[in-house]
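Hello,

Here is the structure I said I would pass on. My notes follow below it.

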Amino acid sequence: MCLDVSTVRRWTRRSREENPSESTVHDQARTGRPLSASDSKHQSRVDQLIRENRRVKQIDISIEIEISQERVHHIIINLLGYRKVSARWVSRMLMPQMKLQRVQICRELLAKFDEDGEDFLRQIVTGDESWVHHYDPESKQQSKEYRHKTSPSPKKFKVFSSARKVLLTIFWDSEGVVHTEFLEQGNTVNSTKHVNTLEKLKARLRRVRSEKVSIIHHDNARPHTSLETRTALDRLGLRTSPHPPYSPDLAPSNFFLFPKLRDFLKANCYETDEDVKNAVLSWCRDKTADFFADGIQQVVYRWRLCIERDGDYVDK
C-alpha cells in the first residue's frame with residue numbers, strides 16, 4: 001500500500017509554507033470523541049451502587065447503568081480506587097470496652113518506648129505456645145510454578161495437616177531465642193506446667209541475659225494469668241508487660257515468629273517427634289539477631305496502628 005502522489009505534493013507544499021521549527025511529522029493532539037461511559041455522571045452512579053451493596057458484581061452494575069463491563073471495571077479500579085478484598089478471621093468480635101482497653105495498654109507501652117527508646121524493646125522477652133505438625137501441606141502461594149499459556153494447569157489435591165504434632169513453647173527477645181520446650185501430643189499446658197517453664201526461663205536468663213533486666217511478655221491465656229502463675233512471677237522476680245485480651249495481632253510470636261516458622265516447615269514430612277524438634281531448633285539457630293530485633297520492632301508500629309484504629313484489630 002502506498003500514498004497517492006497528490007497527497008505527497010500537498011504535504012510538501014504545507015511543509016514549505018510552515019515554519020520549519022514548528023513543523024512535525026507526528027500527529028497533533030485532538031479532542032477526539034468525547035467520553036460518555038466513564039464521565040462524572042456514571043462514576044457517581046457506580047459509586048452509589050457499590051455503597052448500597054459492597055458485594056455487587058460488575059456485570060450487575062453494567063446492566064443497571066447500561067455501559068460495558070470493561071468501562072465499569074475501569075471506573076471502579078482506576079477512577080474510584082476501589083479494590084475487592086476478602087474478610088479475614090479474627091479472634092473475637094471486640095466490644096467497645098475491649099477496644100478501649102487495647103488503646104489504653106498500647107498508649108501505656110508507647111509511653112514507655114518514648115521514654116526509654118530502644119532500651120525498652122531490648123528488655124522485652126516474649127513467648128507463647130504453638131502446635132508443630134509432623135506434616136503441614138504447602139500453601140497455594142508456595143505451589144506456584146511457571147507454565148506456558150498452552151500448558152495444562154497443575155492440580156493440587158486437598159491435604160490436611162497430620163494428626164501427629166508436638167507443642168512448642170518458645171521465649172525470645174531482640175537478640176535471639178532464650179528458651180524452648182516441647183510437649184508431646186496428649187499433654188496440656190496448665191498453670192503448674194507454665195510455672196515450671198517460667199522457672200527454667202528464669203535460670204536461662206541468668207545464664208544468657210545476666211547483664212540486663214528482662215520484662216516478660218505473653219498473652220492472656222489462662223495458664224499465663226492464673227493466681228498460681230502470678231504468684232510464681234512475684235516469687236521469681238520476673239516483671240511482666242501488660243497485654244490486652246484477645247489480641248494475637250499485638251503479640252510478636254503470633255504475628256511474626258510463628259507464621260515464618262510455619263512457612264519453613266510446610267511441605268516437610270517428619271517421621272518422629274525428635275525430627276520435628278531438631279528442625280525447629282535448627283531454624284532458630286540459623287536466624288540472626290537482626291531477624292529477631294525486626295520482630296520486636298514491628299510491635300511498636302502495631303501499637304500505633306491500634307491507637308489510630310480506635311482499638312480495632314491490626315491487619316497482617
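Two cautions before the rest. This is a predicted model, where local features need pLDDT of at least 70, side-chain atom pairs count only at pLDDT 80 or more, and totals for chains, interfaces and linings use all residues. Residues are numbered from 1 along each chain as its sequence is written, and side-chain values use heavy atoms, with hydrogens and water left out.

Leu168 belongs to the largest nonpolar core, which has 39 residues. A nonpolar core here is a set of buried Ala, Val, Leu, Ile, Met, Phe, Trp, Tyr and Cys residues joined through side-chain atoms within 4.5 Å. Buried means under 20% relative accessible area, exposed over 50%, and partly exposed in between (1.4 Å probe, protein chains only). Phe120, Leu121, Leu257, Val280 and Trp303 join Leu168 as the residues with the most contacts inside this core. Elements giving two or more residues to the core include β1 (124–133), β2 (165–173), α10 (252–265) and α12 (289–308). The top contributor is α12, with nine residues. Apart from this core lies another, of 11 residues, with Leu49, Ile61, Val72 and Tyr82 among them.

Next, His134. It sits in the loop between β1 and β2. Is His134 buried or exposed? It is buried, because its relative accessible area is 3%. Not counting residues up to four places away in sequence, His134 touches Ser162, Arg164, Lys165 and Asn268, among others. Its partners also include Cys269, Tyr270, Glu271, Thr272, Asp273 and Val276. Arg54 is 80 residues from His134 in sequence and 41 Å away in space, C-alpha to C-alpha.

Now the whole protein. It has 12 helices and five strands. These are DSSP runs, numbered from the N terminus: helices are H or I with at least four residues, strands E with at least two. The C-alpha atoms fill a box of roughly 100 × 50 × 45 Å along the principal axes. Buried residues make up 36% of the 316 residues. Of the contacts with a separation of 6 or more, 74% join residues 24 or more positions apart.

Best wishes

Methods. Contact means heavy atoms within 4.5 Å.
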